[in-house]
Amino acid sequence: MKKLFSLLTVLGLIFVSCEKEDKIAFAPSKYLSDSCENCPSVQITIPNALEDSKIAKTINNSLKEEIIYLLTFEDGMDVSSIEEAIASFKNGYTIQKNKFPDESIGWEAKIDGEVAYEDENIVTIQLKTYIFTGGAHGYAPTRFLNFDKKKGLELENWELFKDLDVFMRFAETKFRVQEHVPLEKSINSTGFMFDDNSFYLSENIGFTNEGLKLYYDQYEVASYADGPIVLNLPYREIADYLTYKVKYKAD
């Protein structure tokens with residue numbers, strides 16, 4: 001009996017180890033701007049993939065490129081790193097302050113990244129951002145980055161679905177039900193601002209533990225006061241539409 005117990009224990013440890021091996025090892029990476037009176041505040045915390053693998057390199061590079069895009073201003077700088085992007089943000093503030101000394105107030109950028117979902121096929125990183133560069137209010141986009149772990153590639157939104165048009169029709173029905181837009185009326189009939197009065201998928205689509213999330217940023221389809229519009233679709237309802245099989249608990 002003791003030998004059987006020991007064997008089962010070993011097999012259990014091997015099983016747990018295999019499960020852990022399916023997960024990518026991450027550690028938080030933090031970047032902060034210099035602390036000074038006339039410096040914009042920049043705080044960045046993102047997951048850093050630790051493996052020496054194609055998917056780890058793809059994730060880290062995609063996060064770097066996304067942050068460079070968010071922080072870089074057209075100031076003539078050749079930006080190729082997060083540190084240089086922070087310097088570009090700081091330089092943009094200095095230029096603005098010199099042009100409009102009476103109007104410029106402190107700039108701020110805060111970016112927080114986390115692993116929103118991971119299984120043996122897919123990993124999704126969510127970036128929550130707040131950027132203030134003057135004006136009445138800041139800009140707070142949320143970005144999802146989806147990756148194919150086996151191919152080591154970042155995925156475009158259309159690659160998530162077997163038939164994008166079919167899924168979009170399904171998503172529109174769910175959106176109308178959630179937001180109380182009558183099926184027989186136009187999508188903008190209750191105050192939304194879809195271009196050409198036609199429903200379209202959000203630019204930001206990501207896998208989460210709760211379901212597939214369609215995240216419309218402020219101003220994307222509604223006014224700033226309405227805030228972001230989020231449509232969460234449970235996997236049990238959309239499994240047949242997805243290119244990738246996603247594990248979920250059936251009701």
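Reader: Which relative accessible area counts as buried here?
Author: Welcome! Buried means a relative accessible area under 20%. This is a predicted model, and by that cut-off both Tyr 117 and Tyr 235 are buried. The value to keep in mind is under 20%.

Reader: Are the planes of Tyr 117 and Tyr 235 stacked, edge-to-face or tilted, and what is the angle?
Author: A pair of aromatic rings is described by the distance of the centres and the angle of the planes. Here the centres of Tyr 117 and Tyr 235 lie 6.1 Å apart. Planes under 30 degrees apart count as stacked and over 60 as edge-to-face, with the rest tilted. The pair is therefore tilted, with its planes at 55°.

Reader: Where in the chain do Tyr 117 and Tyr 235 sit, and how many residues apart are they?
Author: Tyr 117 belongs to strand S3 (residues 108-118), while Tyr 235 is in helix H5 (residues 235-238). Their pair links distant parts of the chain, 118 residues apart.

Reader: Which kind of pair do Phe 161 and Phe 167 form?
Author: Phe 161 and Phe 167 are both buried. Their rings are 4.0 Å from centre to centre, with 15° between the planes. Planes under 30 degrees apart count as stacked, so this aromatic pair is stacked.

Reader: How many aromatic pairs does the structure hold?
Author: Ring pairs also link Phe 175, Phe 192, Phe 194, Phe 199, Tyr 200 and Tyr 216 into a cluster. The number of aromatic pairs in the structure is 18.

Reader: Is Thr 129 buried or exposed, and what is its relative accessible area?
Author: Thr 129 lies in strand S4 (residues 122-132). Beyond its neighbours within four places in sequence, its contacts include Leu 70, Ile 111 and Tyr 139. With buried meaning under 20%, Thr 129 is buried, at a relative accessible area of 7%.

Technical notes
Residues are numbered from 1 along each chain as its sequence is written. This is a predicted model: local features need pLDDT of at least 70, side-chain atom pairs count only at pLDDT 80 or more; totals for chains, interfaces and linings use all residues. Side-chain values use heavy atoms; hydrogens and water are left out. Rings of Phe, Tyr and Trp (its six-membered ring) pair if their centres lie within 6.5 Å; planes under 30 degrees apart count as stacked, over 60 as edge-to-face and the rest as tilted. Helices (H or I, at least four residues) and strands (E, at least two) are DSSP runs, numbered from the N terminus. Buried means under 20% relative accessible area, exposed over 50%, partly exposed in between (1.4 Å probe, protein chains only). Contact means heavy atoms within 4.5 Å.
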